[in-house]
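Subject: Structure handover

Hello,

Here is the structure I promised. Please open it beside this email and follow along.

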Amino acid sequence: MSVELLKVENLEVIYKTTQETVQAVNKISFTLNKGETLGLVGETGAGKTTTALAIMQLLPKTGKILAGSITFDGRNLLELSDEEMRLRIRGEKIAMIFQDPMTALNPVMTVGEQIAEAIRYHSENIKEDEIQKRVDEVLEMVGIQASRKYEYPHQFSGGMKQRVVIAIALSCEPDLLIADEPTTALDVTIQAQVLAMMGELRDRLGTAMVMITHDLGVVAQICDKVAVMYAGELIEKGTLEDIYVSKDHHPYTDGLFGALPNLVKGTDRLAPIVGLMPDPSKLPVGCNFQDRCPHCMDICKAKKPEVYMNRTHMIECYLFSNNESWRRDHGKQN
Amino acid sequence: MKTFLFGKKPTADELIEVESQGLSRSKEIWMRLMRDKSSMISLGVIVILVLVAIFANLLINKSLVTEQNVAERIQGPSAKHWFGTDLYGRDIFARVVYGSRISLSIGIFTVIISTTIGGLLGAVAAYYGGVTDSIIMRITDVFLAIPEQLLAMTVVAALGATPLSVIAALSVAVIPNRTRLVRSAVLGIVDSQYVEAARAVGMKSQGIILKEIIPNTLGPIIVVSTQGIASIILTVSSLSYLGVGIQPPTPEWGSIIFEAREFLRIAPYMILLPGLVIVLTALAFNLVGDGLRDALDPRLKD
Amino acid sequence: MGSRIDQDVPILELKHLKKYFRVGKNHNLHAVDDINASIARGTTLGVVGESGCGKTTLGRAILKLIEPTDGQILFEGVDIVPLRQKQMRPIRLSMQIIFQDPYSSLNPRKSVFETIATPLIVNKVFKDKKEMEKRVRSIMDTCGLTRRLENSYPHELDGGRRQRIGVARALVLKPKVIICDEPVSALDVSIQAQILNLLMDLQDEMGLTYIFITHDLSVVKHISHDIMVMYLGKCIEKAPSKEMFINPVHPYTKALLAAIPIPDISSRTTKMEIVRGELTSPIDPEPGCRFAPRCSYFQPSCSGQDMELNEISPNHFVACPVMEKMLPK
């Protein structure tokens with residue numbers, strides 16, 4: 001029985017500076033059930049990190065949530081005060097880990113102390129020895145000897161530091177873990193170790209996960225469902241089968257797969273996607289992908305594409321308007 | 001390409017349009033500076049001051065500076081004497097106007113000399129590292145250990161109290177500070193890949209320092225220099241006030257106050273009005289420095 | 001007097017190249033430890049390894065941006081190691097480098113044109129300014145940089161364009177050899193593909209020789225003719241590109257390949273052949289295989305004596321006697 005944990009609906013986020021206003025996230029919607037892992041895929045500037053920060057309500061001063069709702073465990077997070085977010089949600093129910101393990105840890109505190117701090121902050125009346133026990137547990141869980149808790153971050157390698165970061169995030173057993181490119185900065189063999197560990201922990205603790213990455217390979221290894229973002233919009237969504245087995249795709253997703261240097265296939269030339277992601281402050285009328293799309297039609301330049309659904313698979317592209325298996329989704333206002 | 005001098009603040013659209021025309025960072029920084037009202041006002045004040053200093057003799061008769069008129073001594077501000085008269089009956093306003101020449105030129109020349117010498121020393125120390133760095137920095141440390149004013153006073157005492165010796169004295173006092181500053185700025189750049197790239201294409205060390213490194217350190221240098229002018233003007237004034245700077249009857253702002261020191265209770269205007277000029281000048285330079293620092297701050301960039 | 005270029009002589013040869021860094025009083029960090037390679041003109045040698053393997057130091061050492069501690073670098077048959085920096089200048093016209101980080105490898109105060117023109121100006125290649133401008137513009141064209149970007153500054157451009165400027169800068173002197181130091185690692189996947197294609201096209205058109213340094217095995221497969229895998233300063237396997245992927249022998253190579261997440265759910269394994277542990281220290285390493293502490297095939301004979309690279313099939317070298325023995329005869 002899958003219980004819905006997180007529901008993001010028509011979320012819109014802008015960044016407003018004195019010079020310009022940038023639409024970073026434009027009406028995205030997705031759901032996540034307990035224990036599920038969602039892969040949020042996209043390249044630089046697609047809006048993935050902004051989405052994550054919006055869920056955590058950690059947007060910088062220039063960021064504003066313009067519209068939409070973020071429902072977590074039945075409550076709309078956007079209605080909570082900052083204090084309630086801080087005390088009840090962040091760290092305790094939703095934890096987030098970032099890309100760069102080097103700067104995520106306080107260099108002047110021991111690793112054990114940093115984990116203990118997280119635990120102490122979210123538990124009332126917990127005794128010191130119980131905290132230490134939990135610290136040991138959590139370190140063992142991420143594959144670090146408990147005796148290392150007296151060491152400082154600089155004494156750990158990159159992969160180990162990221163494990164510590166994960167340990168801190170999981171120390172309060174949150175229901176949801178948001179991981180923003182957690183292994184991008186790591187060597188590939190270490191990445192394999194850390195991903196395997198994250199998968200095991202996820203299974204053991206039943207934590208739901210949003211895995212933000214640009215790497216379609218990582219998504220295939222660890223996620224249950226996928227959402228592809230482009231220029232602030234969710235242009236394709238579906239289960240793993242929908243994305244990796246089905247032949248129907250948004251042209252951008254096709255392009256992403258084609259641009260990957262493939263170990264299995266032996267192609268001579270890679271098939272890059274021509275051009276660049278549009279400037280978020282100067283988005284075109286119609287489909288954001290029009291300048292780079294090999295299938296661009298006139299209607300694509302005139303009006304934003306409709307959303308089409310095929311059971312669990314969603315694609316925002318006019319190419320599927322005449323396809324029988326696909327029906328138009330009226331849920332999304334364009 | 002449109003040039004913006006004084007005039008209306010560039011709108012966001014204009015900024016973006018100009019940016020896509022291959023706007024160098026200097027022009028972009030200038031445009032950002034223009035949005036800061038206090039900097040622009042201060043810049044205006046400084047320009048006026050400099051013009052006044054240069055064209056002082058066209059504005060006010062030079063003889064007024066030294067002309068003594070015992071009958072009119074120690075008179076408060078009036079239509080005839082805007083700042084009043086001093087104990088010799090000299091027009092204080094005239095003396096302040098001519099004094100600006102000395103104060104401003106000492107300030108500007110000291111900054112130029114100390115920044116150039118200190119900057120080169122710092123750049124060389126940071127670029128070559130090793131023994132060169134150690135020698136330069138240890139000597140710098142020795143000088144930094146001596147209080148600025150004490151050092152300046154010593155040099156002035158040795159060379160005599162002329163404007164040139166004051167410039168020399170203050171430069172010596174300020175150089176170590178600039179050496180440190182430029183050294184740390186260069187250290188932040190010297191490992192950059194574009195410096196490595198310059199080496200890879202065969203550029204010689206001197207070329208790398210002058211063309212690749214120093215232009216990228218100008219930011220903090222400019223900021224510190226503009227604020228440095230303010231502090232130097234204040235230091236010159238205090239040196240003159242202490243009697244070891246510019247000697248009377250040469251009208252330097254500090255020595256004007258020095259001469260009036262006994263009259264604080266009787267005729268406060270003699271100290272307050274020149275003092276106000278000093279403060280406003282220093283403030284103007286400081287505000288421009290602040291504005292420049294904010295304009296250069298990469299965090300304000302999108 | 002020009003030197004006759006013998007077509008049979010490999011354009012670049014590395015013989016027992018070493019770079020040790022002094023650490024503390026008596027210790028040495030073995031960054032590059034006895035690397036040998038022979039690179040034919042117009043081909044690409046891929047140098048693969050993770051952080052700490054020494055590949056970046058190797059790239060810098062070949063150009064003498066870092067002075068090698070020992071060994072020979074034969075460029076067109078001539079050893080350049082004993083040359084002093086001044087004598088290196090004419091050689092630098094023939095050997096260039098593309099850097100990894102498009103954000104810090106360009107001088108922020110120089111326009112695109114100025115950056116690309118600098119190598120020409122510094123080396124006084126053209127007497128006539130117009131000729132110089134022509135060359136800069138033609139290189140910009142080749143690299144897909146439009147004319148109107150000439151006066152743009154790096155901070156106005158995205159990573160892909162900046163990296164094209166890096167490529168243009170490396171090309172403008174019309175070198176023979178280019179060291180590509182992780183040139184696409186900092187770029188998005190779709191842009192990576194653009195730059196890789198560009199590099200391959202240029203190699204075909206201009207007969208360039210590349211040393212392509214990367215940690216990404218999938219990238220290097222497309223662009224390399226031969227691949228060398230490095231671990232803690234040593235070369236542990238070397239083979240032609242196809243052979244390396246079809247028949248990897250060294251346990252580390254296998255682990256490296258296995259670790260790459262494949263975008264294919266049919267190969268979603270429950271337990272991958274994941275290498276355990278962490279990199280050991282490159283300071284004063286003990287004689288013996290450096291991968292031994294992490295190797296699942298470890299045997300006592302693996303420590304005590306440094307491993308030699310043995311040819312197990314034409315042009316395929318491996319430094320692992322244990323795996324060698326396990327190969328089918």
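Among contacts in chain A between residues at least 6 apart in sequence, 65% join residues at least 24 apart. Two residues are in contact if their C-beta atoms, placed from the backbone, lie within 7 Å.

A word on the source. This is a predicted model: local features need pLDDT of at least 70, side-chain atom pairs count only at pLDDT 80 or more, and totals for chains, interfaces and linings use all residues. Residues are numbered from 1 along each chain as its sequence is written, while chains are lettered from A and ligands numbered from 1 in the order in which they are written.

**Chain A overall**

Chain A has 11 helices and 13 strands. Helices (H or I, at least four residues) and strands (E, at least two) are DSSP runs, numbered from the N terminus. The C-alpha atoms fill a box of roughly 65 × 50 × 45 Å along the principal axes. Buried residues make up 46% of the 334 residues. Buried means that 20 or more other C-beta atoms lie within 10 Å of the residue's own; exposed means 12 or fewer, and partly exposed is in between, with C-beta atoms placed from the backbone.

Confidence comes next. pLDDT is the predictor's confidence in each residue, from 0 to 100. Chain A averages 87, and 96% of the residues score at least 70.

Nine strands of chain A form an open sheet with mixed pairing, in the order β6-β7-β8-β3-β9-β10-β12-β11-β13. Its edge strands are β6 (94-97) and β13 (327-328) of chain A, and each pairs on one side only. Strands pair if DSSP finds at least two bridges between them. β7(A) (176-180) and β8(A) (208-213) pair in the parallel sense over five bridges. There, A:Leu176 stands opposite A:Ala208. Helix α6(A) packs on the sheet and touches β6 and β7 of chain A; its direction makes about 170° with that of β6(A). Axes are lines fitted to C-alpha atoms, for helices over the stretch in contact, and angles run from 0 to 180 degrees between N-to-C directions.

**Where chains A and C touch**

The contact takes 36 residues from chain A and 32 from chain C. On the chain A side, the elements that give two or more residues are α6 (158-170), α7 (188-205), α8 (216-222), α9 (240-244) and α10 (251-259). α7(A) gives the most, with six residues.

**Two residues to look at**

A:Arg311 has a positive phi of about 55°, although it is not a glycine. A:Arg311 lies in the loop between β11 (308-310) and β12 (313-315) of chain A. Is A:Arg311 buried or exposed? A:Arg311 is exposed, with 11 other C-beta atoms within 10 Å.

C:Leu232 also is not a glycine, and its phi is positive, near 45°. Find C:Leu232 in the loop between β9 (226-231) and β10 (234-240) of chain C. C:Leu232 is buried, with 22 other C-beta atoms within 10 Å.

Best wishes
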